[in-house]
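User: I am new to this structure and would like to learn how to read it. Could you take me through some of its features?

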Amino acid sequence: MRKRRIMTIAAIGAAGALALSGCASDGAGGTIELGGGGGDSGGGGDKGTITLGFLPSWTDGLSTAYLLQDQLEKIGYDVELKTLTEAGPLYTGLAQGDVDLFPSAWPEVTHAEYMKTYGDSIEDLGTYYDNARLTIAVPEYSELTSIEDLAGADLGGKIYGIEPGAGLTAQTQKMLPAYGLDSEYELVTSSTAAMLTELKSATEKKEDIVVTLWRPFWANEAFPVKDLEDPKGAMGKAEGLHFLGTKGFAEEFPEAAELIDQIKLDDEQYGALEDLVVNEYGEGKEADAVDEWLKQYGDQFDWVATS
């Protein structure tokens, strides 16, 4: 495999800002990609059109979105990619039927509040990965080992987080009082790109920093970071990553639902997919990344239409 190329922070920011080539506004806070992705599968599906919504800055969904587009188009569906910047509007669109499919949801813990609000209008299509975690992380060179060690530590009173509406943000806000840190630390929220910019700057200078992260996520390997132990379990337990559909999805798109239900990824398979999509190929070449991933891992699955 070619030498691993770490995705630049500028590129992450562009993704987070939805600066994707060939996109047009859908008038509902998102964008619909025009004619991109899907490798050689093209369009022209005769089984209907599936609108697939995801957040580009959350690369678990970015990776699986293009994998699903490839697979669904190969079995005869047209797939439109709809990108948004926050989980709330995505869940709203899914519940209202403006989005048919969400390719990487965290409904058990991280997005539990959204499921309480919208769950009756959403259909769970299966779990593809079962060991996702929310974390608080510091550089590898830090002497801190536990969230408890943050109390009294000289860290400028800031924890750098991601989007304000993210489930990770809400969970971190619950963690702070659980450890008595709410009067000592400010959770700085902005975007995933902004958090990674701070992390990159600090680690390059060998400075201390505390950030919110999650697993699986390519940044855990791209930067010299380690998770802090969470003895109180305040960041939540491990959970599954799910494919969610709007209510009635399986009835309207039965072959798509059957394929989606069969998709299961382990750490190696998922890590390779995300690395290829995000780092090796990058923005604008996601379909090529999926093609390469299928060459490497396609023979491990009976659901992959690799022809």
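User: Which residues of H3 are buried?

Analyst: They are Ala87, Gly88, Leu90, Tyr91, Gly93, Leu94 and Ala95. That makes seven of the 10 residues of H3 (residues 87–96), so the helix is largely enclosed by the rest of the structure. Gly97 follows H3 and has a positive phi, near 85°.

User: How much of the chain can I read in detail?

Analyst: Where pLDDT is low, the predicted coordinates should not be read in detail. For this chain the mean pLDDT is 85, and 83% of the residues reach 70 or more. Over residues 1–43 the pLDDT is below 50, and this stretch has 91 contacts in the model beyond near neighbours in sequence.

User: How many helices and strands are in the chain?

Analyst: The chain has 11 helices and 11 strands. It has 307 residues, of which 53% count as buried. Of the contacts between residues at least 6 apart in sequence, 81% join residues at least 24 apart.

User: How do I read a pair of strands?

Analyst: Look at the sense in which they run and at the bridges between them. S3 (residues 49–54) pairs with S4 (residues 78–83) in the parallel sense, over six bridges. Thr49 stands opposite Asp78 in S4. Five of the six residues of S3 are buried, so S3 is largely enclosed by the rest of the structure.

User: In which sense do S5 and S11 run?

Analyst: S5 and S11 (residues 239–246) run antiparallel, joined by three bridges. Leu101 stands opposite Gly245 in S11. Five of the five residues of S5 are buried, so S5 is largely enclosed by the rest of the structure.

User: Which residues have the most contacts inside the largest nonpolar core?

Analyst: They are Leu101, Ile147, Leu150, Met175, Phe249 and Trp293, in a core of 89 residues. Strand S6 (residues 122–139) gives the most to this core, with nine residues. As for Leu101, the residues it touches include Ile50, Leu52, Leu68, Leu72, Leu125, Phe249 and Ile260. Leu94, listed above among the buried residues of H3, is also one of the residues that Leu101 touches.

User: How do I tell which side of a helix is covered?

Analyst: An α-helix has 3.6 residues a turn, so residues three or four places apart point the same way. In H11, the buried residues are Glu286, Ala287, Ala289, Val290, Trp293, Leu294 and Tyr297. Seen down the axis of H11, they fall within an arc of 150°, so they line one face of the helix. What covers them includes H2 (59–74) and H10 (267–281).

User: Is Trp106 buried or exposed?

Analyst: Trp106 counts as buried, because its relative accessibility is 5%, under the 20% cut-off. Its place is in the loop between S5 (101–105) and H4 (112–118). Among the residues it touches are Asp60, Tyr91, His111, Arg133, Trp214, Arg215 and Glu239. Trp106 and Phe243 are 137 residues apart in sequence but 9.1 Å apart in space, C-alpha to C-alpha.

User: Where does Thr203 lie, and which residues does it touch?

Analyst: Thr203 lies in H6 (residues 192–204). Beyond residues up to four places away in sequence, Thr203 touches Pro139, Tyr141, Phe223 and Pro224. At 6% relative accessibility, Thr203 counts as buried.

Conventions
Residues numbered from 1 in each chain as written. Predicted model: local features only at pLDDT ≥ 70, side-chain atom pairs only at ≥ 80, totals over all residues. Heavy atoms only, no water. Buried < 20%, exposed > 50% of the residue type's maximum accessible area, 1.4 Å probe, protein only. Helix = DSSP H or I, 4+ residues; strand = E, 2+ residues; numbered from the N terminus. Arc of directions from axis to C-beta. Contact = heavy atoms within 4.5 Å. Pairing = 2+ DSSP bridges. pLDDT = per-residue confidence, 0-100. Core = buried A, V, L, I, M, F, W, Y, C linked by side-chain atoms within 4.5 Å.
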